[in-house]
Amino acid sequence: MSNELLNEVTFFVLSIFVGIEVISKVPTILHTPLMSGTNAIHGIILVGAIVIAAGANSPVTIILGLVAVTLATTNVVGGFVVTDRMLEMFKGRQTTRPAEPAARTK
Amino acid sequence: MNTLIQVAYLVAAVLFIVGLKQLSSPKGARNGNLIAAVGMVIALVATIPLLHFTTAGVIIIAIGILIGAAVGAIGARMVKMTAIPQMVALFNGVGGGAAALVAVAELLRFGTHPAFAEAFPSVFSIVIGSISFAGSMIAFAKLQELMTGTPITYPGQQIVNGLLAAAILGFVVAVLAVASIPFSFISLMVLALVLGIAFVLPIGGADMPVVISLLNAFTGLAVAASGFTLNNFALIVAGTLVGASGSILTKLMSDAMGRSLGNVLFGAFGQTRTGAAAAAGGKEGRSVRSGSAEDIGTLLAYSQRVIIVPGYGLAVAQAQHAARELAELLEKRGVEVTYAIHPVAGRMPGHMNVLLAEANVPYEQLKEMDEINDEFKNADVALIVGANDVVNPSARNAPGSPIYGMPILNADQAKNIIFMKRSMRPGFAGIDNDLMYDPKTLMFFGDAKDSLTKLVAAVKAA
C-alpha cells in the first residue's frame, strides 16, 4: 500500500469515529435540520466537480464537468440555505417566548 | 500537494466537525450550519490554486456555479415549509449524482487498466451515487405527491432487485478485473439508477424521512469514495463524516418510529396486501359520526383538559396560527391545553415543532409522545388536527398493518375524540384508521385552518 493511500485510509477510519461520536445524542426536533445540515456538507463534492471540470478539453469532459459542477453547487447552496431556513424557526421561539406569557395574562 | 492547501482542508474539516456538533443542540444549531458553510467556502477557495484551468474549464465552472447557486438558493428560499422534506431529498440526490459523474470522469481519464486503488473507489462512487440520485428523486416524487405515496409492490419484486444487484456486481468485477471501458461503467451507472428507483418504490411515503436520511449517508460515502479517486483529503473527511453521522441519524430516526431499519426498508413486502385487505374488509357497514362546529366548540369550551394532536394536515393548511388562537382562547376559559407531538408527525421528525414554534406556541405546551401518552386517559378531548397514522390503533393491534409496531399517541383513550380531517381519505401510509369509527369519535370535515377558525368562533359563542 502506498504511503498516500495509507494516509487516506487513516483519515477515512478516524472520520467514521468522529462522525458517529458527534451525533450520538440528538433531540428528535433536530433530526431534520441535522440531516439537512449533513446533506449540505456532502456538497463538498463540488471541490471534486471543480477539479474534473478545470481540465475539461473534450466534449465529453466538458459536459460531465458542467453537469457535475451544476449539481454539486445546487447541493451546497440549497443545502445550507434550506437548513438555515429550518433553524430560523427555532430562533424565533427563543426570542419571543419570554414576552408571550406576559402578553397573555393581560 | 501544496502544504497551504492541506492546512486549509484541515481547517475546513475542523469547521465541519464543530458545525455538526453545534447542529445537534437546539441552541447552537443555526450557528453550526453557518460554521459548516464557512468550512465549505474555505475548502473551495483553497482548491483553486491547485488546478490548471483550460478555457473551457473556466467557462463551464462559472456557468455551473451560477446555475447551481441560482437553483439552490431560489429553490430553498421559495419552498413552502411543508415542502422542505422533499427539497432535502432533491438536494441530496443531486449531490449523489455529482459524485457519480466525478467518478465517471476519473475513470475515463485513467484509461483501460487503472490501478485497483483508483478504480475501486470510482466504481463504488458510481454505484452508490447513482442509487442515491435515483432513490432521492423517487422520494421527492412521493413526498411531492407526483406519484402515489403508498408502497408499490409487485410479485417477484425482491427477485428483480436481487438480479439488479447481481448484474451491478458483475459489471463491477468487469471494470476492476477485465477492462475499464465506457460501456461497462455507463451500464453500471444505468443499472444503479434503476436499482435506486426499485429500492425506494416499495417504501411507503410515511417512511420517506428515514429513506432520505439513509440516502444522505449513501451520498456521503459516495463523496468519500470520490475523494479516494481524486486523492482529495477534504472529500474523504467530509464525505465520511456525513456517511457515519448520517447512518447514526438514520438509526435514531427509525428508533423514533419504534421500528428497525430493515422493517422500514423491506417491511412492505408481503404485508401491505394483508393489511389492505383487512382494512377493506373492516370498513364496510361501519358508520362515522360527524359534528357541527357549535357542538364541538361547546364540548371544547366546557372541557378541563384538551390535548391537540397536530399532523401533516395542519402543516398543509398552514393552520398553526389558528391552532394557537384556539388554544389561547380555551386557556382563557381555564381549559388546560397541551400539544402531543408524535416524533414523526408531519413528514419529518421535528416538523410540528418547527411549525408551532413559528406560531409562537409556548415551548412548554409541546409534549413529546412518551411524556404525554399517559395523560390521554385523563383528557376530556383529544383534538386531532390533520394527523392520522400517528393515532391509528392498527399500529397497536393489527399485526398485518404496514404501520404495525409503530408507537402511536394514545388519542383513543381520551373521553372524546375530535377528528379534524379533509375527508375520509386514508393517511399517508395508505391505510384505514379505525379511530374514525370509534363511538367516542366526532369527525369534523374540512380544511384544518377553516375548521379551526370555525371552532374559534364557536368557542367564543359558547
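**Close-up views of a predicted two-chain model**

**Figure 1. Chain B as a whole.** Of the 462 residues of chain B, 56% count as buried (a residue is buried if 20 or more other C-beta atoms lie within 10 Å of its own, exposed if 12 or fewer, and partly exposed in between, with C-beta atoms placed from the backbone). This is a predicted model, in which local features need pLDDT of at least 70 and side-chain atom pairs count only at pLDDT 80 or more, while totals for chains, interfaces and linings use all residues. Residues are numbered from 1 along each chain as its sequence is written, and chains are lettered from A and ligands numbered from 1 in the order in which they are written. Chain B is built from 18 helices and 6 strands (helices are DSSP runs of H or I with at least four residues, strands are runs of E with at least two, and both are numbered from the N terminus). The C-alpha trace of chain B spans about 80 × 50 × 35 Å along its principal axes. In chain B, 79% of the contacts with a separation of 6 or more join residues 24 or more positions apart (two residues are in contact if their C-beta atoms, placed from the backbone, lie within 7 Å).

**Figure 2. The two domains of chain B.** Domain 1 covers residues 87-266 of chain B and domain 2 covers 287-461 (the bounds come from an automatic or database domain assignment). The C-alpha centres of these two domains of chain B lie 38 Å apart. Where they touch, 14 residues of domain 1 of chain B are in contact with 13 residues of domain 2 of chain B. On the domain 1 side, the elements giving two or more residues are α8 (208-230) and α9 (233-256) of chain B. That side of domain 1 of chain B has 8 nonpolar, 5 polar and 1 charged residues (Ala, Val, Leu, Ile, Met, Phe, Trp, Tyr, Cys and Pro count as nonpolar, Asp, Glu, Lys and Arg as charged, and the others, Gly among them, as polar).

**Figure 3. Lys251(B) in its helix.** Lys251(B) is found in helix α9 of chain B. With 17 other C-beta atoms within 10 Å, Lys251(B) is partly exposed. Lys251(B) and Val210(B) are 41 residues apart in sequence, yet their C-alpha atoms are 8.3 Å apart in space.

**Figure 4. Chain A against chain B.** Chain A has 5 helices and 0 strands, and 56% of its 106 residues are buried. Contacts between the chains involve 81 residues of chain A and 99 residues of chain B. The elements of chain A that give two or more residues to this side are α1 (3-23), α2 (31-41), α3 (45-54), α4 (59-96) and α5 (99-105). Among them, α4(A) gives the most, with 33 residues. The side of chain A that touches chain B divides into 47 nonpolar, 25 polar and 9 charged residues.

**Figure 5. The α1 helices side by side.** Helix α1(A) packs against helix α1 (residues 3-23) of chain B at an angle of about 25°, with their axes 8 Å apart (axes are lines fitted to C-alpha atoms, for helices over the stretch in contact, and angles run from 0 to 180 degrees between N-to-C directions). α1(A) and α1(B) are therefore roughly parallel to each other (angles under 35 degrees count as roughly parallel, over 145 as roughly antiparallel, 65 to 115 as roughly perpendicular and the rest as oblique). Val18(A), Val22(A) and Ile23(A) of α1(A) make the contact with Ile17(B), Leu20(B) and Lys21(B) of α1(B). By class, this contact of α1(A) with α1(B) has 5 nonpolar, no polar and 1 charged residues.

**Figure 6. The α2 helices side by side.** α2(A) and helix α2 (residues 29-47) of chain B pack at an angle of about 10°, with their axes 10 Å apart. That makes α2(A) roughly parallel to α2(B). Here Pro33(A), Gly37(A), Ala40(A) and Ile41(A) in α2(A) meet Ala29(B), Gly32(B), Asn33(B) and Ala36(B) in α2(B). The contact of α2(A) with α2(B) has 5 nonpolar, 3 polar and no charged residues.

**Figure 7. Two loop residues of chain B.** Glu145(B) is not a glycine, yet has a positive phi of about 60°. Glu145(B) lies in the loop between α5 (116-143) and α6 (157-178) of chain B, and counts as exposed with 11 C-beta neighbours inside 10 Å. Asn360(B) has a positive phi near 60°. Asn360(B) is in the loop between α15 (351-358) and β3 (366-368) of chain B, and counts as partly exposed with 18 C-beta neighbours inside 10 Å.
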